[in-house]
Amino acid sequence: PSLSVLESLRLDATPEFANQASLWAARAYGCEGDAESSLSLLAEVRQQQPFTGANIAAGIEELEWLAGMGNGEEALQTVRYLLREIGNEQNYDGSLVDLESFRTRVIAALQTLRQKERFKHCIAIAQTLPVLLPETDAVYEEAITYRAIADQIISTKQGANKEIEPEALLA
């Protein structure tokens with residue numbers, strides 16, 4: 001019943017209210033285990049214009065879902081879209097997700113992607129982050145990823161005494 005109310009609000013309300021109803025509907029679908037419907041709604045809200053706090057909230061939640069699923073390519077595209085639309089700290093609309101929480105959640109998503117060995121995507125995401133993260137933090141995130149690659153190479157060489165191509169880890 002609550003999803004049907006959210007759906008009607010989503011379709012009949014003002015654009016700003018409809019975006020928030022869509023955001024809540026996406027969360028409800030996620031709670032029901034329907035990742036596809038949740039991700040679809042989150043992407044829809046993220047791409048709405050004008051770009052507001054609801055877009056940012058949807059985008060960060062979409063990023064977290066994608067990272068959890070190990071979908072590095074889509075996670076990268078989501079981050080690039082968000083950062084392109086936000087542009088800089090002065091344009092950041094923190095009405096639903098404050099900037100510090102956004103930063104923390106992006107870094108957590110990077111950690112999840114590293115655990116899922118999506119190294120190439122972690123590096124690319126880290127390289128886009130200086131738009132909203134201090135450059136030293138972005139470089140640090142990139143360095144952690146390279147260290148994870150090195151750790152995997154060392155562990156593979158020690159465990160199986162065989163060669164591993166670093167490029168294979170970036171595929």
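Trainee: Okay, helices here are DSSP runs of H or I with at least four residues, numbered from the N terminus. How many helices and strands does the protein chain have?

Mentor: This is a predicted model, and its protein chain has nine helices and zero strands.

Trainee: Got it. What comes after α2?

Mentor: G33 follows α2, and the phi of G33 is positive, near 85°.

Trainee: And does the length of α2 agree or disagree with 1.5 Å a residue?

Mentor: It agrees: α2 covers residues 15-31, and those 17 residues should span 24 Å, because each residue counts for 1.5 Å. The C-alpha atoms at the ends of α2 are 24 Å apart.

Trainee: Which residues of α2 are buried?

Mentor: Among them are A18, A21, S22, A25, A26 and Y29. An α-helix has 3.6 residues a turn, so residues three or four places apart point the same way.

Trainee: What do the buried residues of α2 pack against?

Mentor: They pack against α1 (2-12), α3 (35-46) and α4.

Trainee: Switching to α4, how does that helix sit against α5?

Mentor: α4 (residues 53-69) and α5 (residues 72-86) pack at about 160°, with axes 9 Å apart. Angles over 145 degrees count as roughly antiparallel, and the two helices are therefore roughly antiparallel to each other. The crossing of α4 past α5 is left-handed.

Trainee: Which residues meet there?

Mentor: From α4, the list includes I56, I60, L63 and L66; from α5, it includes A75, V79, L82 and I86. The residues of this contact divide into eight nonpolar, three polar and two charged.

Trainee: Last one: what share of the protein chain is buried?

Mentor: Buried residues are 44% of its 171 residues.

Technical notes:
Residues are numbered from 1 along each chain as its sequence is written. This is a predicted model: local features need pLDDT of at least 70, side-chain atom pairs count only at pLDDT 80 or more; totals for chains, interfaces and linings use all residues. Side-chain values use heavy atoms; hydrogens and water are left out. Axes are lines fitted to C-alpha atoms, for helices over the stretch in contact, and angles run from 0 to 180 degrees between N-to-C directions. Angles under 35 degrees count as roughly parallel, over 145 as roughly antiparallel, 65 to 115 as roughly perpendicular and the rest as oblique. A crossing is left-handed if the near helix is turned anticlockwise from the far one by less than a right angle, and right-handed if clockwise. Contact means heavy atoms within 4.5 Å. Ala, Val, Leu, Ile, Met, Phe, Trp, Tyr, Cys and Pro count as nonpolar, Asp, Glu, Lys and Arg as charged, and the others, Gly among them, as polar. The expected span of a helix is 1.5 Å times one less than its number of residues. Buried means under 20% relative accessible area, exposed over 50%, partly exposed in between (1.4 Å probe, protein chains only).
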